[in-house]
Amino acid sequence: MGCNVNSLGHIGIQVSDMDRSLKFYREVVGLKLTGRCGPPDFPGQVCFMRVDQLHHNFVLFGLPEGTDSTPPSVGIDTTKRKDVGLNHVAFQVDRREDWLAALGHVRSCGVELVSGPYVHGHEAQDEKGFIGGSGSHAFYFLDPDGNRIEIYTWMMDVSKPSAAAPDPDL
Ligand SMILES: [Fe+2]
């Protein structure tokens with residue numbers, strides 16, 4: 001059925017200040033720059049970024065020269081905007097100890113957490129521990145344009161129905 005996709009490949013976001021966003025995603029999130037392009041191939045600056053060796057997982061698109069880059073929503077948490085589109089982007093960390101280190105790193109960068117850290121599973125027994133939660137441990141912060149970023153670990157697999165996924169497509 002469908003297109004037989006096998007993974008979520010990459011996400012592209014538009015940014016108001018390429019140098020500021022490039023520095024943020026390198027230094028705070030830890031992405032690597034693969035390459036930077038621009039006119040005449042693209043109308044504005046484009047930075048292809050990657051997690052590991054794949055050419056790109058995340059792409060920054062600068063608005064074309066002359067674009068009004070300060071619409072009312074710039075700088076506002078994407079989850080608080082009254083627009084359709086991006087809500088948040090999540091990056092996975094494989095090991096809990098590395099996730100804890102990531103939490104310390106983001107805080108040491110002076111970046112404020114806007115949500116978490118917490119567990120998305122009913123075992124957490126608080127308002128974030130909803131029954132359908134994946135069990136992942138997560139925390140959230142904003143990039144310079146207000147795009148909400150999540151860093152998580154320990155997301156469960158879904159191979160059969162469970163409390164966290166009562167009626168999943170299988
Ligand atoms: Fe998420």
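In this predicted model, four strands form an open sheet of mixed pairing in the order β1-β4-β3-β2, where strands count as paired if DSSP finds at least two bridges between them, and where helices (H or I, at least four residues) and strands (E, at least two) are DSSP runs numbered from the N terminus. The edge strands, each pairing on one side only, are β1 and β2, and the twist averages 20° from one strand to the next; axes are lines fitted to C-alpha atoms, for helices over the stretch in contact, with angles from 0 to 180 degrees between N-to-C directions. β1 pairs with β4 in the parallel sense over 5 bridges, and Val15 has Gly62 of β4 as its bridge partner.

Residues are numbered from 1 along each chain as its sequence is written. Local features need pLDDT of at least 70 and side-chain atom pairs count only at pLDDT 80 or more, while totals for chains, interfaces and linings use all residues.

| β1 | 11-15 |
| β2 | 32-37 |
| β3 | 46-50 |
| β4 | 58-62 |

Helix α1 (residues 18-29) lies across β1, β2, β3 and β4, and runs at about 165° to β4.

After α2 comes Gly110, with a positive phi near 80°.

Note on methods: Contact = placed C-beta atoms within 7 Å.
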